[in-house]
Each structure stands twice: as structure tokens, then as C-alpha cells.
Amino acid sequence: MQQLTNKRILLGITGGIAAYKSAELVRSLKKAGADVRVVMTSGAMEFITPLTLQALSGNPVHHALLDPEAEAGMGHIELAKWADLLLIAPASANFIARLSQGLGDDLLTTVCLATEAPMALAPAMNQAMWKDGTTQQNIERLQNVKGKSLHIFGPDAGEQACGDVGPGRMLDPDLIAAHCADLFESGLLAGINLVVTAGPTREALDPVRYISNHSSGKMGYAIAEAAREAGARVTLITGPVNISAPERVNVECVSSAREMLESSLEQLPQCQIFIAAAAVADYRPLNIANQKIKKSGDTIELKMVKNPDVVATIAQHEQRPFTVGFAAETQDVEDYARGKLEKKNLDMIVANDVSRTDIGFNSDENAATAIWPEGQQAFAAMSKTTLARQLIDLIAQRYQQYTDLSRTNED
Ligand code: PMT
């Protein structure tokens, strides 16, 4: 079961007997698809060696705050920015106390201060230490810190290493991994059937050649994954790409624009939201040669005919879903995108500038402006995964207003 695919989890391990379970936790997180990096406190290294965690995570383990080598590579700020989630397991009473005071006296506390990612603590300590009023106050203080999203996983109750019985055991590693996966599921689109198109189309010239474009599918695949995380049942209609499809998504592979349209129309009866991130060829060769075209003169003439417009056909259909297009432009990005929004009868369009090499086609990052009839929202350059999540949040909001309005009009 891959529920943390491509998620970057920074695992902080603090000093306590439960630190031995962190090895199992790294395996559970990796099994769920996460990329895991480990930061250890000096106390943690008394219980388990960095080498064990390095071998299991497949990444160097970090522990020193003032390490010139680390600062050149993955210092505390880079680690803080890298993480999608900062998980501290086990979180000792001492670490929780230091964190609640805002201390930054070792690598792990400085990463905690510097990160904007959500944080989760899996406390582990003696039952009396957990029940102690100061520990409880520290937890409460952390939960009330403005601008930080903090989750507490556990602790479990039962027999403890010291022989006591009560609450304070670190949760089972598989359960912690499952809780981490739940954090990425927003539920905003729970029960919604959503279709995403992604990647390029290929328009055949002869049996061995085709016309296509630079789309890698990364943006559309990230949208499909973010929609699934938001609880939607997702169908991904994809042109030919070289990346793996997200787990738990229904994948329909197509090649040409006409195949993409056919597949989209098949999905239409059960589709509530349609998102067209694919770079569909506007034209295709008029004739496809049955045999490989032979080299002859110095020039060759190619006659092209217009392809059907997939997203416009869906948006103009009598059973139209809430329809979102993408616009890939090299100049006057917003103006052209607004024109497509109107002409294709879309509910929203996401405009991106494909003249830039650092974003857009094939890159891991993108910047965009989402435009709808009554407004717009700009998104600065960020990873396609993060942009997809933010776009899905916005699409879920707009879809909610769209359905509320449709209901009011019916009454
Ligand atoms: O795949 P990546 O490498 O991650 O790159 C992402 C991306 C740049 C391809 C993506 O973010 C993007 O902009 N996709 C839309 C590309 C595109 O075809 O733009 P367009 O402006 O030509 O088309 C506007 C809209 O009409 C798009 O939603 C497109 O899917 C749709 N269209 C276009 C032509 C056509 N015949 N049928 C369509 O459905």
C-alpha cells in the first residue's frame, strides 16, 4: 500500500528507549512510498546508531548543528525546507519541553523552528512523566503556537520498558505511518469523481513518426495525486509519458487527441470535475501514411487538419461537469488565458508561462495564475506537487460555490 508516495518525511529521533522502534518506523514510511531523512539528537545516538538509520533510509543521517559539510549540503534550513512533514518519533519529555520553550540549541530543534511544514510528535516516556502537569502544559503550549500545524500521535498505553503500566508507549510504527498518510488526505473532494488529462498527445505521420510536444505529464500527474489525497475518485487520462502514475488512481492511456476525446467522453456520465492539464495537439497530419515515408526531395509538404478540442467539447456538453483548463502561453499569458476561458466555456483556467525554462514544460516546478469569471489568484514558483495541492484546494472551493449556485437556480 503506497500512501506516502513522493512525500518527504524528515524523521527526528530523540533520546529514549523507544528509539529502537524508529528503525522499524523508517521501514514502514519507506514501504508506504515516502522519501525519509533522519535527524538524531545526541540522546538518540545513545540508543541506536546513525549507521542503522542511514542503511534503512538510504540517506545520510544528520545530527550536528555546526557541521561545515552539512551546511554546504543539507544544513538545518535546507532540511527544514525539504520536508513535507516533520515527524518526531519518539518525542521524549525533555525534547517536548525544549520545543515548547522555542529553544534552538541542537540540529533538531533548529529544524523545528525553521520549518513551515506540518509537524507530528509521537511521544514516548514513562507513564508518570507523560501524566505530569508540566509535560501536559508543554503539549498544550505547542498545540497553540500560531502558524504551526502540530499533530500528536499517541501515546499508547500498556506495559512499559521500566515495568510501569500506563500511557507513554510510542505508537506502533505502522500506525504512525498510517497517521502520517492521513495528514495528506484533506477530504475536500471526498466522494467526487474527477477526471484529469495529462501529458502530450502524439499525432502520427506514418508508422514510425509523430508530431508531439514537450509535456512530461508531471503537472497533470501531480494534480491527479493531489485530487486523490483530497478524497476524490480520480481517473487520469494520459498521453505517452515516462513517469509512474500515482497509486489508487484509475489510469487510461491514450495517444492522439481523438483518443483523448473518446476516453474523456466515456468518463463524462460519472464525472463531476474535469481538469485538462494535457498539452493536446491542435492539429494532426491530414493523412497518415501506411508505410514509412521515404526520403526524397529537399523539402516535404505536410497538410494538417484541426483536432477536436477535448476540454471545449466537455465544457460545452449538456452534461458538463465543473471544467478547468490549463493555458500554456509564451506571451500575454493572462490575456490569452482569459480568452480561452470564455471561448471554451470553462469554469476556471490555470495560465502558465511556457517560455520560461525554469517552470512549465518538463520542469519539476511551475508558477501559475488561476483565472475564473469573477476573480483570479497567482501562485509563485513552487514544486508541481505543492502547486497541485494548492490548485486542488482552490478548485474544491470554486466547485462548492458552483454546486451551491446550481442548487439555488434549481429551487
Ligand atoms: O506536462 P508538464 O511537463 O508538467 O507541463 C505542464 C504543462 C505546461 C503542459 C501544463 O501545465 C499546461 O499548461 N497544460 C496545457 C497545455 C495546452 O495544451 O495549453 P493550450 O493553451 O494549448 O490549451 C488550452 C486548454 O485546452 C488546455 O486545457 C488543453 O488541455 C485544452 N486543449 C487544447 C487543444 C485541444 N485540441 N484540446 C484541448 O482539450
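**Note on hairpin, loops and charged pairs**

1. Gly158 stands opposite Gly166 in β7. The two strands are β6 (residues 156-159) and β7 (residues 165-169). They run antiparallel, joined by 4 bridges. Strands are DSSP runs of E, at least two residues, and helices are runs of H or I, at least four, both numbered from the N terminus. Pairing needs at least two DSSP bridges between two strands. The hairpin has 5 residues between β6 and β7, and Gly163 takes a positive phi near 100 degrees there.

2. The model is predicted: local features need pLDDT of at least 70, side-chain atom pairs count only at pLDDT 80 or more, and totals for chains, interfaces and linings use all residues. Residues are numbered from 1 along each chain as its sequence is written, and side-chain values use heavy atoms, with hydrogens and water left out.

3. Asp156 belongs to β6. With a relative accessible area of 32%, Asp156 is partly exposed (buried is under 20%, exposed over 50%, partly exposed in between; 1.4 Å probe, protein chains only).

4. Check the two cis peptide bonds. One joins Ala89 and Pro90, with omega about 0 degrees. Pro90 sits in strand β3 (residues 85-91). Another joins Gly154 and Pro155, with omega about 5 degrees. Pro155 is placed in the loop between β5 (150-152) and β6. Most peptide bonds are trans, and most residues other than glycine have a negative phi.

5. Check two asparagines as well. Asn345 has a positive phi near 65 degrees. Asn345 lies in the loop between α13 (333-343) and β17, and is partly exposed because its relative accessibility is 36%. Asn362 has a positive phi near 70 degrees. Asn362 lies in the loop between β17 and β18, and is partly exposed at 44%.

6. The loop between β17 (348-353) and β18 (365-372) also holds Ile359. Ile359 is buried, since its relative accessible area is 1%.

7. The structure holds 12 salt bridges (a side-chain nitrogen of Lys or Arg within 4 Å of a carboxyl oxygen of Asp or Glu). Lys7 and Glu229 form one of them, at 2.5 Å, N to O. The pair links distant parts of the chain, 222 residues apart: Lys7 precedes β1 (8-13), and Glu229 is in helix α10 (residues 218-229). Lys7 is buried at 2%. Glu229 is buried at 5%.

8. Lys218 and Asp364 meet in a salt bridge at 2.9 Å, N to O. These residues are 146 apart in the chain: Lys218 is in α10, Asp364 in the loop between β17 and β18. Lys218 is partly exposed at 24%, whereas Asp364 is exposed at 53%.

9. Lys344 and Asp309 meet in a salt bridge at 2.6 Å, N to O. Lys344 lies in the loop between α13 and β17, and Asp309 in the loop between β15 (304-306) and α12 (310-315), 35 residues apart. Asp309 is partly exposed at 28%. Elsewhere, salt bridges with shared partners join Lys7, Glu225, Glu229 and Arg389 into one network.
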